[in-house]
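Here is a short briefing to read with the model open beside you. It moves from the overall picture to a few spots worth a look.

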Amino acid sequence: MDARGWDQCDFVYVCGDAYVDHPSFGMAIITRVLEAHGYRVGVICQPDWTGPASISALGEPRLGFLVSAGNMDSMVNHYTVNKKPRHEDAYTPGGRAGARPNRAVTVYGNLIRRTFKDKPIIIGGIEASLRRLAHYDYWQDKLKRSVLLDSSADLLLYGMGEHSIVEVADALAAGLPIEQITFVNGSVYRVSGPQALDNVYDYELLPSWDDLTADRLEYAHSFNIQQQNMDPITGRRLVEPYPNGVYVVQNPPAVPLTTAEMDEVAELPYARHWHPDYDEAGGIPAFDEIRFSISSNRGCFGECSFCALAFHQGRMLQVRSRESIIREAELLTRDPEFKGYINDVGGPTANFFKPACTKQLTHGVCKNRRCLWPSVCRNMDTNEDAYAELLRDLRQLPGVKKVFVRSGIRFDYTMADASDKFLVELLQHHVSGQLRLAPEHVSDAVLSVMGKPRREVYDAFVERFERLSAEYGLKQYVVPYLISSHPGSTMKEAVELAEAVRDMGYMPEQVQDFYPTPSTMSTCMFYTGVDPRTMEPVYIPRDPREKAMQRALIQYRKPENYKLVKEALRKAGREDLIGYGSKCLIRPVPPKPGAGGKKTGAAPSKAGATGKRAKGSGTERPQCGAGRGHGNENPAVPQPQNRAERRAAARSGKKGSAPTTGRGGAMQHGRPSPGTPGGCATGKSAAGTNPHARNRAAQGRQGANRH
Ligand code: SF4
């Protein structure tokens, strides 16, 4: 602050992530946006939450505090689906775990309130966004109140926050008290008292907290209403009553950014690196994932049930212009560490490069219909030429050797594209041996619950991909991602999946147990036992033993899974799969110690097509949105440097400039120089979403969701 000549910040942003000034990080986007509007913002990253001194490091801000847990919900960041602590945190220097508290938004909010009793506190980011109303919390296995109430905050901004944060900042700067800022779309506020709702207009009353806690079906009903009011054009104001005359009011979603605004946000003067304070620890692992990747779009009309992305970013696609993306690529080529490989050009779903249809731009998205399920809507424009041409233009830039698409693609969307243009471009130039897709299951019953296309669509895509690859002289294969124990999956469907795996000829290395992260449709099913769209009962695998069996079935070749697989087959009445026949999954006797290991694992390799089995690891991956990292692994691309190499590179000064450092880990940025704080909203999730690399950023996808 001294270096900038500031005596006070306008806002102090407190964040659970370390500071990376890059447009894949919500904190960087929001703070840069505020800076561009003339506000001085200080950032305090990963403060010591055991005492108030850490959040006082930059003094009292003039207008208020902004609080975010970071790019992921802190509970997803901290715990596996089995509720065991993770040992790494990709958003912390050196990947060290333990730098933020559980339920970070709540903890930081209350910490600030203890010291700054009357200062406005505005919470945002993925954790706040997906917990904005009453929600099921998997880790405590119960319903929790809106995080607005538990965090002692004054206002909550949900979804993409560029518009709403500026509106709130301008209102505060104009002298409006925070309790009067009730008019901002994309915000949630609280009112109380006998006449509390007198000034709330045109709203829909949700079931009350008392109703929700008395009857789980009331939560399913409430969730369905919320899902139907996520559109910025047709969404209504929602009111959730709490005891003692308290009401939480959710305003309609913020208006999506135009292409010009998307370009502007993407091209703010980011330092495009972590703060130099982190060099000694080896930097921020999540940054390695996205350093040479480009976000081209936001939002998703895929609406997989296990994904919260539409609930966070919305169904309406927001895209950058080709020119802006080209400019960013050219910027990458000037990075001294750029080796010629752009690792990704995509978003939550890479091949969604325009809104699903023109009707939704004026009338909003359909309330009671999904765009891609049960089949592709006939009003949808499925031509993918623009994305194909973008990829072609990028790979022809001087200095670019190869452009990869690591964000997932929706294969049903591509199948609906009558032209082969995109697919041919993809398999010829943007895939290296394997195309990773996320069918998630093979049982049509389970796929229906997931909101995914039928198995025949996946099979047809695989046939088309391999046929076209062969026509171009390429031996390339599709590698599927699968989810076990998703709502709707009984042991019968789990065995059906194992048989499909057998017929594929290799064992998937990536298997994800269903993870009930906040505010997904599938999580609502997990808690209530019904599909909120129909209120029909849905089977929920809850018993840990059954879940272990369902998971083991997918990797039935692993010797360590033998007992579980045998038990599962007996339970399903499928002893016919125990024996020596070619269709049997296991033999009647367990493998001898040390035997069979080389047959397990597998994956994307030529072995897949020949029926040979390769090695696999069976590592956990977040069932995250398609986003980054679901894509196509490329062995030809140099892997991110290890920690020692990063340190060495950091010391040699090979990187861009970064914001100035404040005291005690706090950083300041603001007018007039670049470097800002902030981030209530998440842009394309930076790291987070990548299952493989544990890059779980954009939890729109956090922890869950591929497409
Ligand atoms: S008309 Fe079809 S593509 Fe358009 S919003 Fe409705 S379901 Fe989606």
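A residue counts as buried if 20 or more other C-beta atoms lie within 10 Å of its own, as exposed if 12 or fewer do, and as partly exposed in between, with C-beta atoms placed from the backbone. This is a predicted model, in which local features need pLDDT of at least 70, side-chain atom pairs count only at pLDDT 80 or more, and totals for chains, interfaces and linings use all residues. Residues are numbered from 1 along each chain as its sequence is written.

**Overall picture**
- The protein chain has 707 residues, and buried residues make up 55% of them.
- The protein chain holds 24 helices and 25 strands; helices (H or I, at least four residues) and strands (E, at least two) are DSSP runs, numbered from the N terminus.
- Of the contacts between residues at least 6 apart in sequence, 78% join residues at least 24 apart; a contact means C-beta atoms, placed from the backbone, within 7 Å.

**Strand β3 and its partner**
- In strand β3 (residues 41-45), 5 of its 5 residues are buried.
- V41, V43 and C45 point one way from β3, while G42 and I44 point the other way, and all are buried.
- Strand β1 (residues 11-15) runs parallel to β3 and is joined to it by 5 bridges, with C15 opposite C45; strands pair if DSSP finds at least two bridges between them.

**A three-stranded sheet**
- An open sheet of 3 strands has the order β20-β21-β22, with parallel pairing.
- Its edge strands, β20 (434-440) and β22 (511-513), each pair on one side only.
- β20 and β21 (residues 477-484) pair over 5 bridges, and L437 stands opposite P480 in β21.

**Helix packing**
- Helix α16 (residues 421-429) has F422, L423, E425, L426 and L427 buried, and its buried residues pack against α14 (385-395), α15 (411-416) and α18 (455-471).
- The axes of α21 (residues 544-554) and α22 (residues 562-571) come within 8 Å and cross at roughly 105°; axes are lines fitted to C-alpha atoms over the stretch in contact, and angles run from 0 to 180 degrees between N-to-C directions.
- The contact is made by A548, M549, A552 and L553 of α21 with L564, V565, E567 and A568 of α22.

**Around the ligand**
- The residues around the ligand are A356, C357, K359, Q360, V365, C366, R369, C371, C377, N379 and M380, where near means a C-beta atom, placed from the backbone, within 6 Å.

Technical notes
Contact = placed C-beta atoms within 7 Å.
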